[in-house]
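Let's take a friendly walk through a protein model. Have a look at the structure below, and then we will go through some of its features together.

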Amino acid sequence: MSEVVLKTYNLSKKYKETMAVDKVSMTIKKGQIYGFIGQNGAGKTTIIRLITGLAHKTDGEIELFGQTNNLDESRESIGSLVESPAFYGNMTARENLEISRLVRGIGSKDSVDKVLELVNLKDTGKKKVKNFSLGMKQRLGIANALLGNPKFIILDEPINGLDPMSIVEIRELIKKLNNELGMTILISSHILGELSELATNYGIISHGKLIEEFTAKELREKCRQYIEIIVDDSKKATVLLEEKLGITNYEVINDNMIKVYEKLDETGKINTMLSLNNVEVKKILLKGQNLEEYFVSVVGGAINE
């Protein structure tokens, strides 16, 4: 059984009369890239702040690396980038990280160079952080999170506002941390197309409640594209699909519905063939969802609302 890095039990956070996090039970296992999805104000950042100790829970439990007690000690194995990273603009990347290292009492002096190399900022030299691009600042924020060699990285909206090239750089960095260094990563983002390029697992949160957790494989099944065909006789239609068009990757749903998972660009050809062979085609259309469309179908609203 995979080692559990994070598990919450009915985790709740109330601000006056507002329940920002409502009985959330989520699980992240070692080696996963967990994509945390939700609209603005859904509770993503509040949960991240609870996990990292930046806010105190109202109720429920947090388990880190199998421990529910001594969470401050367990949190020493977490690196995080929550909201916008704050650095001294008149200092270099190396100077900023050295101050952070000393204040936090972590790592050795050479650990600064190691994380700068990891995020491809080692050659910035004397360039001041105030002159960095937003993408460079985000990579510096991730470098700061990596000080102390954490086992678990939490990144809150790390690609928000970045240009396409910077998004690719952050994506490749996250893949490297996961694939080469074996780090477990929790990443929240509203850029769902990009998140679907990274995540191995997902959690959807809405109005403070965890709606659903699923794997990337399960998402592919949920969002798999197919041709839906409504006919008067499914049995006759499937025989024709096989004999006339060589289609074998299909599923008979009932007497009148078939889902075809191949030749997705040949709906016209399929329709014509069935009609010419006396099968009444009542409806034929291409179906399937991407991650954003699936999110909308689950929570009933767009991610950016």
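Predicted model: local features only at pLDDT ≥ 70, side-chain atom pairs only at ≥ 80, totals over all residues.

Strands of a sheet pair through backbone hydrogen bonds, and the pairing can be parallel or antiparallel. Here, strand 4 (residues 33–37) and strand 8 (residues 184–188) pair in the parallel sense over four bridges.

## Aromatic rings

A pair of aromatic rings is described by the distance of the centres and the angle of the planes. The model has four aromatic pairs. In one of them, the rings of Tyr202 and Phe214 have centres 5.3 Å apart and planes at 25°; stacked pairs have planes under 30 degrees apart, so this pair is stacked. It links distant parts of the chain, with Tyr202 in strand 9 (residues 201–206) and Phe214 in strand 10 (residues 209–215), twelve residues apart. Tyr202 and Phe214 are both buried.

What kind of pair do the rings of Phe214 and Tyr294 form? Their centres are 5.6 Å apart and their planes stand at 90°, so the pair is edge-to-face. Phe214 is in strand 10 and Tyr294 in helix 11 (residues 291–299), so this pair ties together parts that are 80 residues apart in sequence. Tyr294 is buried, as is Phe214. Together, Tyr202, Phe214 and Tyr294 form one aromatic cluster.

## Charges over rings

Rings can have charged neighbours too. The charged end of Lys151 sits over the ring of Phe65, 5.6 Å from its centre. Arg224 lies over the face of Tyr261, at 3.9 Å from the ring centre.

## Salt bridges

How many salt bridges does the count come to? There are eleven salt bridges. Asp113 forms one with Arg94, where the closest N and O atoms are 2.8 Å apart. Asp113 lies in helix 4 (residues 110–118) and Arg94 in helix 3 (residues 93–104), so the pair ties together parts that are 19 residues apart in sequence. Asp113 is partly exposed, with a relative accessible area of 27%, and Arg94 also counts as partly exposed, at 32%.

Another salt bridge joins Lys114 and Asp110 (4.0 Å, N to O). Both residues lie in helix 4, four residues apart, about one turn of the helix. Lys114 is exposed, at 55% relative accessible area, while Asp110 is partly exposed, at 40%. Finally, Arg171 forms a salt bridge with Glu172, the closest N and O atoms being 4.0 Å apart. Salt bridges that share partners join Arg171, Glu172 and Glu194 into one network.

Note on methods. Residues numbered from 1 in each chain as written. Heavy atoms only, no water. Phe/Tyr/Trp six-rings, centres within 6.5 Å; stacked < 30°, edge-to-face > 60°. Helix = DSSP H or I, 4+ residues; strand = E, 2+ residues; numbered from the N terminus. Buried < 20%, exposed > 50% of the residue type's maximum accessible area, 1.4 Å probe, protein only. Lys NZ or Arg CZ within 6 Å of the ring centre and 35° of its normal. Pairing = 2+ DSSP bridges. Salt bridge = Lys/Arg side-chain N within 4 Å of Asp/Glu carboxyl O.
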